[in-house]
Amino acid sequence: MASISDWIKKVQEFNPSNLQELEEFRLQYLSKKGLMTELFAAMKTIEPAQRKSYGQEVNQLKQLVESRYSELKLKFEDGADSASNKVDISLNGESMPLGSHHPISIVRNRIIEIFSRIGYSVSEGPEIEDDWHNFSALNFPPEHPARDMQDTFFVEKDPDIALRTHTSSVQVRVMENSKPPIRTISPGRVYRNEAISARAHCFFHQVEGLLIDTNVSFADLKQTLLFFAKEMFGAETKIRLRPSYFPFTEPSAEMDISCTICGGKGCNVCKYSGWVEIMGCGMVDPQVLENCKIDSDIYTGFAFGMGIERIAMLKYTVNDLRHFSENDVRLLKQYSGLS
Ligand code: PHE
């Protein structure tokens with residue numbers, strides 16, 4: 001018969017690959033007719049002088065067998081080594097957390113969708129722009145104070161290269177590269193050197209629009225923007241245009257919509273005026289058309305531009321612009337399911 005230390009070694013090395021083998025182990029050692037019973041029964045055949053140490057060894061083996069058995073049983077029950085035995089295919093799967101669109105993307109997509117329904121294509125251009133496309137082609141003369149309206153970030157001390165301050169630059173590229181009729185919107189990120197606050201940021205997003213054709217009038221502009229405002233903010237929305245100034249449009253205007261929060265009665269969002277400003281617009285200055293090699297005797301056009309953050313703030317009553325760039329997942333999650 002093998003010595004007890006041989007048995008101990010055997011038990012320590014026992015490594016079953018399935019529950020069946022473990023059960024055979026249990027029968028071999030722990031059943032009524034198993035090895036442990038046999039070893040305890042053999043006690044009386046042992047010399048009295050060795051009985052004590054024999055008894056200790058047998059007990060040690062028994063404890064080892066029991067702990068090894070329960071340890072291996074647990075391991076199999078957890079399914080770690082026999083996944084195929086344990087998978088319950090009737091259990092519900094774990095659901096994956098759903099991602100959500102950023103509110104700026106939601107609003108941008110909505111603006112694109114509204115304008116695409118009335119025939120506008122989408123144009124994109126570079127965020128690092130040259131002076132011509134961001135300023136000069138748009139009638140900002142050198143040294144003209146109008147350039148101060150848009151605090152520019154220059155790239156590497158080169159006064160010719162800057163981060164674009166508006167996506168009107170993309171429209172210059174479209175006018176240079178295609179022939180009228182033109183009907184396009186340009187969404188994108190723009191940069192201005194402004195102190196970051198609840199109402200201003202050093203980068204934000206715009207959608208600018210451009211339409212050039214024969215016989216385009218200010219009435220067309222107004223009707224297009226009224227359509228947009230109603231689609232974006234609801235059929236009851238009213239618009240008003242106030243005279244303004246931009247170097248690239250003449251005449252120019254700012255467009256207000258009736259306050260989406262109080263419906264025009266007056267509240268702190270509209271500063272009790274009933275109106276909130278959402279975009280700049282105007283008829284494309286004939287000189288801008290000429291700069292882009294479009295014959296201003298034949299063609300006229302209008303342009304408009306809005307900040308996406310501003311629209312999103314009104315649509316979702318967010319009162320601090322900074323929320324949009326902090327990427328706080330708790331804020332972003334609120335927009336899952338919206339589109
Ligand atoms: N480019 C102007 C801006 O960024 C907006 C605008 C676009 C105004 C087109 C008039 C016409 O502020």
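The structure is a predicted model, in which local features need pLDDT of at least 70, side-chain atom pairs count only at pLDDT 80 or more, and totals for chains, interfaces and linings use all residues. Residues are numbered from 1 along each chain as its sequence is written, and side-chain values use heavy atoms, with hydrogens and water left out. Helices (H or I, at least four residues) and strands (E, at least two) are DSSP runs numbered from the N terminus.

**The seven-stranded sheet**
- Seven strands form an open sheet with mixed pairing, in the order β1-β5-β6-β10-β9-β8-β7; two strands pair if DSSP finds at least two bridges between them.
- At its edges lie β1 (121-122) and β7 (239-246), each of which pairs on one side only.
- Helix α11 (residues 308-315) packs on this sheet and touches β6 (203-213), β8 (249-258), β9 (275-284) and β10 (300-307), where contact means heavy atoms within 4.5 Å.
- The direction of α11 makes about 60 degrees with that of β10; axes are lines fitted to C-alpha atoms, for helices over the stretch in contact, and angles run from 0 to 180 degrees between N-to-C directions.
- The pairing of β1 with β5 (residues 182-191) is parallel, over 2 bridges, and Val122 stands opposite Ile185 in β5.

**Pairings of β4**
- Strand β2 (residues 128-130) pairs with β4 in the antiparallel sense over 3 bridges, with Glu129 opposite Ala162.
- Strand β3 (residues 154-155) is also antiparallel to β4, over 2 bridges, and Phe154 has Ala162 as its bridge partner.
- A hairpin is formed by β3 and β4, with 2 residues between them, and Glu156 in the turn has a positive phi of about 50 degrees.

**Thr165**
- Thr165 lies in the loop between β4 (158-163) and α8 (168-177).
- Thr165 counts as buried because its relative accessibility is 0% (buried means under 20% relative accessible area, exposed over 50%, partly exposed in between, with a 1.4 Å probe and protein chains only).
- The side chains of Thr165 and Asn134 are joined by a polar contact of 3.0 Å (a pair of N or O atoms within 3.5 Å; within protein, one must be able to donate a hydrogen and the other to accept it, and residues adjacent in sequence count only if both atoms are side-chain atoms).

**The largest pocket**
- The lining of the largest pocket comprises 45 residues, of which Arg192, Phe204, Glu277, Gly307 and Arg310 lie nearest its centre.
- On a 1 Å grid over the protein atoms alone, a pocket is an open set of points where a 1.4 Å probe fits, with protein on both sides within 12 Å along at least five of seven lines; lining residues have an atom within 4 Å of a point.
- At least two lining residues come from each of α8, β6, β8, β9, β10 and α11, and β9 gives the most, with 9 residues.
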